[in-house]
Amino acid sequence: MIGILTFQFASFPEGRLTSFQFNHHSRKLKPHNSRRQVVSERQWKNSYQLSQEQLNRLEEAEESMEMLDLDKAEEILLEMLEEDINCIPVLNNLGHMNGRYLSDFEKAIEYYERVLEIEPDNAWARDERRRYARYLTYD
């Protein structure tokens with residue numbers, strides 16, 4: 001057994017492909033830059049027509065969540081929400097953060113309900129709201 005695994009994660013909208021190595025012996029994940037590549041264009045559609053600044057801030061908030069810097073993620077998302085109270089990607093991310101990372105299922109449901117008021121056919125918000133509502137019924 002070699003003891004090292006290499007993972008690649010795509011970072012959008014910049015289109016960077018970042019590699020990480022996990023060493024089984026030391027149990028540490030570290031950046032691995034020797035295989036860095038650039039993807040020519042974004043792999044998803046900006047269907048909410050967010051500005052580049054909004055996309056960058058949203059990505060920063062999502063990265064902060066993944067790194068468990070939840071205070072920073074929440075600060076970014078709430079600032080963005082002040083600028084546009086109906087920004088569906090921000091509301092969805094706040095719902096996700098409150099449900100998954102903070103286990104505040106009631107707050108997550110509130111954010112997903114706001115999304116559904118704006119966009120009733122939003123399947124993500126509907127499914128996540130249903131999931132967290134179910135969690136509230138568990139003892």
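This is a predicted model: local features need pLDDT of at least 70, side-chain atom pairs count only at pLDDT 80 or more; totals for chains, interfaces and linings use all residues.

Student: Why is Arg57 called buried?

Tutor: Its relative accessible area is 13%, and the cut-off is under 20%, so Arg57 counts as buried. Arg57 sits in helix H1. Helices here are DSSP runs of H or I with at least four residues, strands are runs of E with at least two, and both are numbered from the N terminus.

Student: What does Arg57 touch?

Tutor: Contact means heavy atoms within 4.5 Å. Leaving aside neighbours within four places in sequence, Arg57 is in contact with Ile76, Glu79, Met80 and Glu83. Other residues of H1 are buried too, including Leu55, Leu58 and Ala61.

Student: How do you know that the length of H1 agrees with what a helix should span?

Tutor: The expected span is 1.5 Å times one less than the number of residues. For the 15 residues of H1 that gives 21 Å, and the end C-alpha atoms are 21 Å apart, so the two agree. For H3, 14 residues should span 20 Å; the ends are 19 Å apart, which also agrees.

Student: Which residues touch the most other members of the largest nonpolar core?

Tutor: A nonpolar core is a set of buried Ala, Val, Leu, Ile, Met, Phe, Trp, Tyr and Cys residues joined through side-chain atoms within 4.5 Å. The largest one has 26 residues, and Leu77, Val90 and Leu94 touch the most other members. Helices H1 (52-66), H2 (70-83), H3 (88-101), H4 and H5 each supply at least two residues, with H4 giving the most, 7 residues. Not counting residues up to four places away in sequence, Val90 touches Leu58, Leu77, Met80 and Leu81.

Student: How do you know that Val115 is buried?

Tutor: Val115 has 0% relative accessibility, so it counts as buried. This residue is in helix H4. Its contacts, again setting aside residues up to four places away in sequence, are Ile88, Leu91, Asn92, Asn122 and Ala125.

Student: Why is the pair of Phe105 and Tyr135 called edge-to-face?

Tutor: Rings of Phe, Tyr and Trp (its six-membered ring) pair if their centres lie within 6.5 Å; planes under 30 degrees apart count as stacked, over 60 as edge-to-face and the rest as tilted. The structure holds 5 aromatic pairs. In this one the centres are 5.1 Å apart and the planes are at 65 degrees, so the pair is edge-to-face. It links distant parts of the chain, with Phe105 in H4 (residues 105-118) and Tyr135 in H5 (residues 123-137), 30 residues apart.

Student: And what makes Tyr112 and Tyr132 a stacked pair?

Tutor: Their centres are 6.3 Å apart and their planes are at 10 degrees, so they count as stacked. Tyr112 in H4 and Tyr132 in H5 are 20 residues apart, and both are buried. Phe105, Tyr112, Tyr132, Tyr135 and Tyr138 form one aromatic cluster.

Student: What makes Arg131 count as lying over the face of Tyr132?

Tutor: The rule asks for NZ of Lys or CZ of Arg within 6 Å of the ring centre and within 35 degrees of the ring normal. Arg131 lies over that face, at 5.3 Å from the ring centre.

Student: Last one: is Gln49 buried or exposed?

Tutor: Exposed, because its relative accessible area is 71%. Gln49 lies in the loop between strand E3 (28-38) and H1, and has a positive phi of about 50 degrees although it is not a glycine. Ser103, in the loop between H3 and H4, is partly exposed at 47%.

Note on methods: Residues are numbered from 1 along each chain as its sequence is written. Side-chain values use heavy atoms; hydrogens and water are left out. Buried means under 20% relative accessible area, exposed over 50%, partly exposed in between (1.4 Å probe, protein chains only).
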